[in-house]
Amino acid sequence: MYAQLQPKGCVYLLPLIAILLSIASCTANNRNINRVSLLGAGASFPAPLYDRWLSDYNQQNPNVEINYQAIGSSAGVQQLIEGTVDFAASDVGITNQEAAKIKRGVIALPLTAGSIVLAYNLTPVTQHSPQVNVPTALRLSRQVYVDIFLGKITNWNHPKIVAANPGVSLPDLPIQVVHRTDGSGTTGVLTQHLSAISPQWKNKVGAGKSVAWQVGIGGKGNEGVTALIQQIPGAIGYVEYIYAKQNKLPVAALENKSGNYITPTPESVAQTLETVKLPTDNLIAFITDPTDAQSYPIVTYTWLLTYHQYPNRVKAQALKNFVNWAVVDGQKSSLELGYVPLPKKVVLQVESAVNKIGE
């Protein structure tokens, strides 16, 4: 009896195996469909925050892999124009001329904000000369930091620096300016500010992601400038706040439009952002010289640039999901890393603009 029933059992078992294999195959296919990789490039300003976000987001969404290369705002925008990335990032958004070159359209989304600081290195001097007492937030007037970048003030014990820092013994040491060599949104923001407060700077150098520096040596990216400041006694350069914070570099308290010397902090940056209104058409606006009495003077949003149209709908949806996560859950990491969370009104504007991706 058993020998007769065995073939019938096999007959029933084979279809069952086929069904199970089919289910396994469908499950594997679904996994493949859900997996997506996105590539972005651009500004080094937000790179530390983006790195944190992408790591956190991937842990929550293991099927979504997003890679970001900090190559500078100019290079990022150029790659977006050429179509070699899925998104870009820029500290100065995107110009109408650049946007016109992108046939798929472009959407600019502010994802975070921060300050550009003037970091300096006088530590070796204070270690070897106990009589030299340099504060961790040296005060620099508007005219002084313009003149430093113009090459008109070349020594740390210059009378104008001394006058703004009573009771401070400044070293007789040459000032070594450090600037960016790559096309940089950080440079764009700084030079917009310098042009706004100094007619001489505006006429002689002007504003842009790349300018003809009057003095100094160059480094690539915020990280390159930071490294040079660390290595050179007497150096001063401009970097995004987080780079100075992570590397324990002192930063200057800068004189604002009201005549107050303000140290860059998340609070003083947030004070500036509250006064900014982003236009509804492209969400790009700049704060070249804030007027609030407690505002730090060099503050900017930094923008994620996406295409309007994506041939791959899965990529479009994955990017929309990430941005929606970044402007809500991701903002919790901003303060920890030295950035400033987006104001609620800006979050709502971004969430509305994100819906246009893939329309």
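This is a predicted model: local features need pLDDT of at least 70, side-chain atom pairs count only at pLDDT 80 or more; totals for chains, interfaces and linings use all residues.
**View 1. Strand β11, residues 299-307, is a mostly covered strand.** Of the 9 residues in β11, 9 are buried, and the burial extends to both directions in which its residues point. Val299, Tyr301, Trp303, Leu305 and Tyr307 point one way from the strand, whereas Thr300, Thr302, Leu304 and Thr306 point the other way.

**View 2. Strand β11 pairs with β3 and with β4.** Strand β3, which spans residues 87-90, is joined to β11 in the antiparallel sense over 4 bridges, and within this pairing Ser90 has Trp303 of β11 as its bridge partner. Strand β4, made up of residues 106-120, also runs antiparallel to β11, and here 9 bridges join the two strands.

**View 3. Asn121 is a buried loop residue between β4 and α5.** The loop that holds Asn121 leads from β4 to the helix α5, residues 123-128, and the relative accessible area of Asn121 is 5%. Leaving aside residues up to four places away in sequence, Asn121 touches Ile229, Gln230, Gln231, Ile232, Pro233, Gly234 and Ala235. Asn121 and Pro250 are separated by 129 residues in sequence, yet their C-alpha atoms are 7.2 Å apart in space.

**View 4. Lys248 has a positive phi although it is not a glycine.** The phi angle of Lys248 is about 55°, and the residue is placed in the loop between α11, residues 241-246, and β9, residues 253-255. Lys248 counts as exposed because its relative accessible area is 74%, which is above the 50% cut-off for that class.

**View 5. Leu283 also has a positive phi without being a glycine.** Its phi is about 55°, and Leu283 is found in the loop that lies between α12, residues 266-273, and β11. Is Leu283 buried or exposed? Leu283 counts as buried because its relative accessibility is 4%, a value under the 20% cut-off.

Methods:
Residues are numbered from 1 along each chain as its sequence is written. Side-chain values use heavy atoms; hydrogens and water are left out. Buried means under 20% relative accessible area, exposed over 50%, partly exposed in between (1.4 Å probe, protein chains only). Two strands pair if DSSP finds at least two bridges between them. Contact means heavy atoms within 4.5 Å.
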